[in-house]
Amino acid sequence: MEEQSTMQQSPMQQNPNQQNSAAFDKKKAKKKGGAKKWIIIIAAVAVVFIIGAVVLFKSFMNKAKSAMDNKTVVQEYGMHDMTSYISTKGTVESQNVQCISTRLQYPIDEIKVSVGDKVKKGQVVCTIETDDIDKQITNLESKASDEERAQAKQLETSRHGLENARKSSNVEISSAAEALDEARKEYESAVEAVEPAYAAATAAQTAYETAYEKATPGDAVAEAALKDLKKAYETAYATAVAADESVELKKAAYDAAVKAYNKTVEASGEAIQSAQDTLDMTSITVSSVSELTIQLAELYEQKENSVIKSDVSGIVTSVSGTEGQVCQGTILQIEDNENLQIKVEIKERDIFKVKEGQEVTISNDSLQDIAAEGVVDKVVNFVASSEDASTNPLMQGATQKSSGYSAVIKVTSGDGLLLGMTVKTKIAMGAESSLFSVPYTAIITDSDETSKVYIAKEVANGMYQSEEVEVETGEVGDYYTEIVSGDLKQGDLVILYPDTITSGSLFAIEKQDVKDAQDAEESASEESKDSTEE
């Protein structure tokens with residue numbers, strides 16, 4: 001009974017050690033359950049994080065793949081040619097063309113050249129049959145005395161001498177006039193180049209001083225940019241000084257050309273007058289002789305003119321005459337292939353910009369080796385017109401345009417140009433000016449007139465993001481716009497078409513060099529202008 005009574009004691013009556021042991025076991029069990037709970041929570045968070053990371057990674061890869069498929073066009077920031085140009089096309093022609101013909105009414109004996117043959121000045125290219133002439137000469141000589149034959153020969157020689165003197169005079173005066181015209185154009189061009197050269201030097205100096213004031217001491221990148229700007233300023237200033245010196249040199253050359261031209265005209269006039277005096281004296285001497293002598297002299301002259309020589313060195317470009325037939329016009333044509341020119345069409349919007357002496361670069365889209373230079377030699381600033389009533393009676397008396405404005409470009413240097421070749425020409429509207437600039441397509445202007453560009457910053461291997469840079473613009477060219485100030489460094493990748501990207505998006509880039517970008521823009525611009533005019 002006592003034992004049963006003891007077992008039925010209340011918890012308060014139990015041994016204290018027993019009570020503590022039970023509480024510890026309970027607390028231990030509770031703590032163990034809490035640890036399990038935290039492990040489960042941490043595991044769940046880890047799973048969520050991993051899933052999120054996978055989703056983000058997939059999203060990143062999808063964006064990267066999309067960016068790789070659609071590359072953003074960029075161009076390195078730096079100095080570019082700010083010269084304005086007019087682009088047009090033309091055909092290579094010869095400066096000197098000789099059309100061979102004769103006044104003799106006798107059949108052509110032999111044409112000694114064919115199309116494509118090269119000939120030299122003074123080379124015999126054609127002969128006229130002289131059987132009838134020889135028979136007439138033989139007949140008259142048999143009737144003439146020795147004195148008459150001598151007088152006939154003297155008269156023919158005097159006439160031939162006057163003809164040669166006139167030919168030589170024309171060639172020499174033409175050459176002197178060309179040299180004078182060239183010297184004048186170079187002098188005028190030198191004068192016009194001075195002001196833009198000093199303007200470019202001033203702009204370069206301003207850019208350097210502005211960057212110098214904003215540069216942070218010890219910044220290696222800023223110091224490198226300052227070094228480039230200083231070099232650009234020194235180069236521009238040296239160019240301006242050289243332009244000043246060039247004016248003096250060109251003026252002296254022009255004065256010398258004027259004297260040379262006047263001297264040539266004077267000497268040519270004296271030579272012609274001397275030949276004319278000789279012919280007059282001969283004519284006076286033989287004036288009292290028979291008609292037979294005069295006829296014989298004319299036959300001697302025809303005999304001399306039956307052998308036709310080339311007055312220029314070049315290539316035979318056409319043969320119109322036929323052997324055995326009397327010539328009715330041009331027998332053949334020879335074109336000088338060393339002294340070339342290009343005739344180009346100038347659009348109405350550009351005609352007032354083109355002036356004699358402007359420099360021209362010449363190229364051919366399909367032939368990379370073609371790289372020549374030239375100058376504008378002549379500007380045809382009127383539209384030729386003609387009246388044509390033969391093809392349409394309703395148009396009788398009406399005036400129609402037959403050709404547009406044009407210019408003749410004299411080729412001054414370069415190999416590979418061929419007669420008849422179609423080439424592309426770029427006429428420079430002023431002296432070359434290199435400034436730090438970006439394509440105008442890269443600039444975005446806000447409503448408050450703030451200008452900015454976007455540059456591509458690499459964030460991963462081959463992947464880029466855009467970064468906005470506020471800039472101040474200066475001189476505006478056909479394709480490039482000068483950057484006067486802004487946090488741009490030489491070599492930064494400027495996005496050419498920023499409206500094609502989304503802020504914060506990833507993209508791959510495609511670098512485009514200066515020539516490709518400018519050519520593409522020029523082509524698009526020309527097409528746009530042409531379609532607008534139409």
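**Salt bridges, ring pairs and burial**

Me: Does K410 count as buried or exposed?
Reply: This is a predicted model in which local features need pLDDT of at least 70 and side-chain atom pairs count only at pLDDT 80 or more, while totals for chains, interfaces and linings use all residues. Residues are numbered from 1 along each chain as its sequence is written, and side-chain values use heavy atoms, with hydrogens and water left out. The classes are buried (under 20% relative accessible area), exposed (over 50%) and partly exposed in between (1.4 Å probe, protein chains only). K410 has 11% relative accessibility, so K410 counts as buried.

Me: Which residue does the side chain of K410 meet in a salt bridge?
Reply: A salt bridge puts a side-chain nitrogen of Lys or Arg within 4 Å of a carboxyl oxygen of Asp or Glu. For K410 the N to O distance is 3.4 Å. The partner in this bridge is E182.

Me: How many residues apart in sequence are the parts that E182 and K410 tie together?
Reply: E182 lies in helix α4 and K410 in strand β16. Helices (H or I, at least four residues) and strands (E, at least two) are DSSP runs, numbered from the N terminus. Because the two partners sit in these elements, the bridge ties together parts separated in sequence by 228 residues.

Me: What is the relative accessible area of E182?
Reply: K410 is buried, at 11% relative accessibility. E182 is partly exposed instead, because its relative accessible area is 22%.

Me: How many salt bridges does a search of the whole structure find?
Reply: The bridge between E182 and K410 is described above. K303 and D134 form a salt bridge as well. The search of the whole structure finds 20.

Me: How far apart are the closest N and O atoms of K303 and D134, and how many residues apart in sequence are the parts they tie together?
Reply: The closest N and O atoms of this salt bridge are 2.8 Å apart. K303 lies in helix α6 and D134 in helix α3 (residues 131-143), so the pair ties together parts whose separation in sequence is 169 residues.

Me: Why does K303 count as partly exposed, and what is the relative accessible area of D134?
Reply: K303 is partly exposed because its relative accessible area is 35%. D134 is partly exposed too. Its relative accessible area is 27%.

Me: Which residue forms a salt bridge with K353?
Reply: The closest N and O atoms of this pair are 3.5 Å apart. K353 is partly exposed, with a relative accessible area of 43%.

Me: How many aromatic pairs does the structure hold?
Reply: Rings of Phe, Tyr and Trp (its six-membered ring) pair if their centres lie within 6.5 Å; planes under 30 degrees apart count as stacked, over 60 as edge-to-face and the rest as tilted. The structure's count of such pairs is 6.

Me: What is the angle between the planes of Y208 and Y212?
Reply: Their ring centres are 6.1 Å apart. The pair is tilted, at 40 degrees.

Me: Which helix holds both Y208 and Y212?
Reply: The two are 4 residues apart, about one turn of the helix. Y208 counts as buried because its relative accessibility is 18%. Y212 is exposed, at 53%. Both lie in helix α4.

Me: What is the centre to centre distance between Y479 and Y480?
Reply: Y479 and Y480 form an edge-to-face pair, with 85 degrees between the planes. Both Y479 and Y480 are buried. Centre to centre, they lie at 4.8 Å.

Me: Which residues do ring pairs link into a cluster?
Reply: Y479 and Y480 form an aromatic pair. Ring pairs link them with a further tyrosine. The cluster is Y440, Y479 and Y480.

Me: How far apart in space are A207 and L226?
Reply: A207 is found in helix α4. A207 counts as buried because its relative accessibility is 15%. A207 and L226 are 19 residues apart in sequence. C-alpha to C-alpha, the distance is 9.4 Å.

Me: How far apart in space are K121 and S310?
Reply: K121 sits in the loop between β6 (118-119) and β7 (124-128). K121 counts as exposed because its relative accessibility is 57%. K121 and S310 are 189 residues apart in sequence. Their C-alpha to C-alpha distance is 5.3 Å.
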